[in-house]
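Okay, thanks everyone. Let me put this one up on the screen and talk you through a few things.

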Amino acid sequence: MINPNILISYSPNKQSTLEKELSFIFNAIKEKHKILPSTHPGIAKIRVKNPKIVIKKLNQLHKKNPQNFKVTMRYTPLD
């Protein structure tokens with residue numbers, strides 16, 4: 001079983017567009033990600049190679065293009 005290393009909060013009623021947004025965002029920062037199954041609505045679990053670097057890149061992207069983050073709200077790295 002693969003453990004997540006980033007948790008993402010999102011609007012539960014927008015789950016259908018979550019994967020599209022994540023794919024777009026992670027392509028923009030040139031990072032691979034894997035979406036893991038989640039039993040909690042509104043929380044997405046993902047696995048990346050280096051979560052702290054990914055969070056820094058996401059912050060930079062958000063500063064440049066905040067309109068890209070329509071569904072997702074908070075990205076939390078797990079150690």
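So, aromatic pairs: the count here comes to 1, taking rings of Phe, Tyr and Trp (its six-membered ring) with centres within 6.5 Å. The ring centres of Phe69 and Tyr75 are 6.1 Å apart and the planes sit at 85 degrees, so this pair is edge-to-face (over 60 degrees; under 30 is stacked, the rest tilted). Both Phe69 and Tyr75 are buried, meaning under 20% relative accessible area with a 1.4 Å probe, protein chains only.

Quick housekeeping: this is a predicted model, so local features need pLDDT of at least 70 and side-chain atom pairs pLDDT 80 or more, while totals for chains, interfaces and linings use all residues. Numbering runs from 1 along each chain as its sequence is written, and side-chain values use heavy atoms, with hydrogens and water left out.

Next, Asn68, in the loop between helix 2 and strand 4 (DSSP runs numbered from the N terminus: H or I of at least four residues, E of at least two). Buried or exposed, Asn68? Buried, at 17% relative accessible area. Leaving out residues up to four places away in sequence, Asn68 touches Glu21, Phe24, Ile25 and Leu61, with contact being heavy atoms within 4.5 Å.

Last, the largest pocket (on a 1 Å grid, an open set of points for a 1.4 Å probe with protein on both sides within 12 Å along at least five of seven lines; lining residues have an atom within 4 Å of a point). Phe69 and Tyr75 are in the lining, and others include Ile55, His62 and Arg74. Helix 2 (51-64) and strand 4 (72-77) are the elements giving two or more residues to that lining.

Notes. Buried < 20%, exposed > 50% of the residue type's maximum accessible area, 1.4 Å probe, protein only.
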